[in-house]
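Work through the exercises below with the structure open beside you. Try each task before you read its solution.

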Amino acid sequence: MFADNGKRFFPGNPRAGFTLIELMVVLVILGILAVSVAPRILNRPGEARQLKAKMTIETLQTALDLYKIDMGSYPTTSQGLDALVTKPETGPGVDRWREGGYLQKGKVPKDPWGNDYIYLSPGVHHDCDIVSYGGDGVAGGEGENADVKSWELE
């Protein structure tokens with residue numbers, strides 16, 4: 001192959017690659033970018049937890065919808081989300097409960113802060129409501145402590 005100046009590029013040719021200075025400049029630029037961008041990404045764990053809670057609530061809602069299709073109604077508040085992984089002992093449609101349950105891992109997940117999701121059926125806003133109380137574990141709050149509510153995900 002020929003370069004624009006007509007000289008051949010050979011592996012031993014000193015002009016056939018990047019110089020150490022060029023590589024150092026690129027590394028310095030990448031370092032500056034990493035230092036300026038990393039804090040923006042790393043300072044968002046609260047937002048990431050909020051998003052995870054929303055996704056988990058949507059997954060739970062889908063499992064509850066499948067439960068309702070099989071059983072004819074959502075689990076009661078007293079049965080709770082555990083009815084998605086453990087066959088209820090009594091109630092309508094118990095004989096139609098899906099073997100293996102309705103959640104893939106066979107257990108009800110905790111919210112991203114390690115707390116149980118709050119489940120109500122019948123719900124105040126829909127047939128059933130699911131809530132995570134956020135980082136502080138109590139109703140209300142802002143930012144990472146804001147509640148994540150199933151009826152607000154639509």
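**Exercise 1: An aromatic cluster**

Tyr67, Trp97 and Tyr102 form one aromatic cluster. The model is predicted.

Task: Find how many aromatic pairs there are, and say how the rings of each pair are arranged.

Solution. 
- Step 1. Know what to look for. A pair of aromatic rings is described by the distance of the centres and the angle of the planes.
- Step 2. Apply the cut-off: ring centres must lie within 6.5 Å. By this rule there are 2 aromatic pairs.
- Step 3. Take Tyr67 and Tyr102. Their ring centres are 5.4 Å apart and their planes stand at 65°. Planes over 60 degrees apart count as edge-to-face, so the pair of Tyr67 and Tyr102 is edge-to-face.
- Step 4. Tyr67 sits in helix α2 (residues 45-71), and Tyr102 in the loop between α2 and β1 (118-120).
- Step 5. Take Trp97 and Tyr102. Here the centres are 6.0 Å apart and the planes are at 80°, so this pair is edge-to-face.

**Exercise 2: Buried or exposed?**

Solution. 
- Step 1. Recall the cut-off: buried means under 20% relative accessible area.
- Step 2. Trp97 is buried, as is Tyr102.
- Step 3. Buried residues make up 26% of its 154 residues.

**Exercise 3: The largest pocket**

Task: Say which residues line the largest pocket, and sort the lining by class.

Solution. 
- Step 1. Picture the method. Rolling a probe the size of a water molecule over the atoms shows where empty space is left.
- Step 2. Note the volume: about 300 Å³ for the largest pocket.
- Step 3. List the lining. It consists of Thr56, Thr59, Ala63, Tyr102, Leu103, Gln104, Lys105, Lys107 and Pro109. Tyr102 of the aromatic cluster is one of these lining residues.
- Step 4. Sort by class. The lining has 4 nonpolar, 3 polar and 2 charged residues.

**Exercise 4: The sheet**

Task: Work out in what order the strands lie in the sheet, and which strands are at the edges.

Solution. 
- Step 1. Start with the elements. The chain has 2 helices and 3 strands. From the N terminus they run α-α-β-β-β.
- Step 2. Strands of a sheet pair through backbone hydrogen bonds, either parallel or antiparallel.
- Step 3. Join β1 to β2. They run antiparallel, with 3 bridges between them. Ile118 has Val131 in β2 as its bridge partner, and Tyr119 stands opposite Ile130 in β2.
- Step 4. Join β2 to strand β3 (residues 148-149). These two are antiparallel and share 2 bridges. Ser132 stands opposite Val148 in β3.
- Step 5. Read off the order. The sheet is open, runs β1-β2-β3 and has antiparallel pairing. Its edge strands are β1 and β3, as each pairs on one side only.
- Step 6. Check the side chains of β2 (residues 129-132). Asp129 and Val131 point one way, Ile130 and Ser132 the other way. All of these are buried.

Methods: Residues numbered from 1 in each chain as written. Predicted model: local features only at pLDDT ≥ 70, side-chain atom pairs only at ≥ 80, totals over all residues. Heavy atoms only, no water. Phe/Tyr/Trp six-rings, centres within 6.5 Å; stacked < 30°, edge-to-face > 60°. Helix = DSSP H or I, 4+ residues; strand = E, 2+ residues; numbered from the N terminus. Buried < 20%, exposed > 50% of the residue type's maximum accessible area, 1.4 Å probe, protein only. 1 Å grid on protein atoms, 1.4 Å probe; cavity = no way out; pocket = protein on both sides within 12 Å on 5 of 7 lines; lining within 4 Å. Points joined across faces, edges and corners; volume = space filled by probe spheres on them. Nonpolar A, V, L, I, M, F, W, Y, C, P; charged D, E, K, R; others polar. Pairing = 2+ DSSP bridges.
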